[in-house]
Amino acid sequence: MAVEFMDAGKLRTRLVLEAPVRTPDEAGGQDVQWHAVGEFFAHVEPVGARQTTEGEAERQEITHRVTLRHRNDVSPAMRLLRNGHAMRVETVRDLDGSGRYLVCGCKELEGWI
């Protein structure tokens, strides 16, 4: 596999990585609290946007490609925070198999955190 070039100078967006911590609630379900796992700089690229309809509500689905220095603690179902907006990590892969960078496929979550 060819090594893909990543300009480290593009890692300019500060992100906070959060992991979910689930605790039982009194109704038999679970409460989800988000706890910061780390903070780092990354390159965030918008990939796409589309309008969806759920029932009577229209929603926007915005996706991003996030490139960061390799970390072992990033996995799907975590989230990334940027300036009060949250993105759910959906995929994580090594950029080119060299172990230097990760690429995360993320979906922006609606609303402010």
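Colleague: Which residue in strand 4 does Glu18 stand opposite?

Modeller: The model is a predicted one. In it, strand 1 (residues 13-24) and strand 4 (residues 79-82) are paired in the antiparallel sense, with three bridges. In strand 4, the residue opposite Glu18 is Arg79.

Colleague: What is the bridge partner of Leu81 in strand 5?

Modeller: Strand 4 also pairs with strand 5 (residues 85-94), in the antiparallel sense and over four bridges. Within strand 5, Leu81 has as its bridge partner Ala86.

Colleague: Which residue takes a positive phi in the hairpin of strand 4 and strand 5?

Modeller: Two residues lie between the strands of this hairpin. The positive phi, near 50°, belongs to Asn83.

Colleague: Which strand supplies the largest share of the lining of the largest pocket?

Modeller: The largest pocket has a volume of about 160 Å³. Strand 2 (30-54), strand 3 (57-69) and strand 6 (101-112) each contribute at least two residues to its lining. The largest share, four residues, is supplied by strand 6.

Colleague: How many charged residues does the lining of the largest pocket have?

Modeller: The residues that line the largest pocket include Glu54, Arg59, Glu61, Arg88 and Lys107, as well as Thr52, Gln60 and Leu109. By class, one lining residue is nonpolar and two are polar. The number of charged residues is seven.

Notes:
Residues numbered from 1 in each chain as written. Predicted model: local features only at pLDDT ≥ 70, side-chain atom pairs only at ≥ 80, totals over all residues. Heavy atoms only, no water. 1 Å grid on protein atoms, 1.4 Å probe; cavity = no way out; pocket = protein on both sides within 12 Å on 5 of 7 lines; lining within 4 Å. Points joined across faces, edges and corners; volume = space filled by probe spheres on them. Nonpolar A, V, L, I, M, F, W, Y, C, P; charged D, E, K, R; others polar. Pairing = 2+ DSSP bridges.
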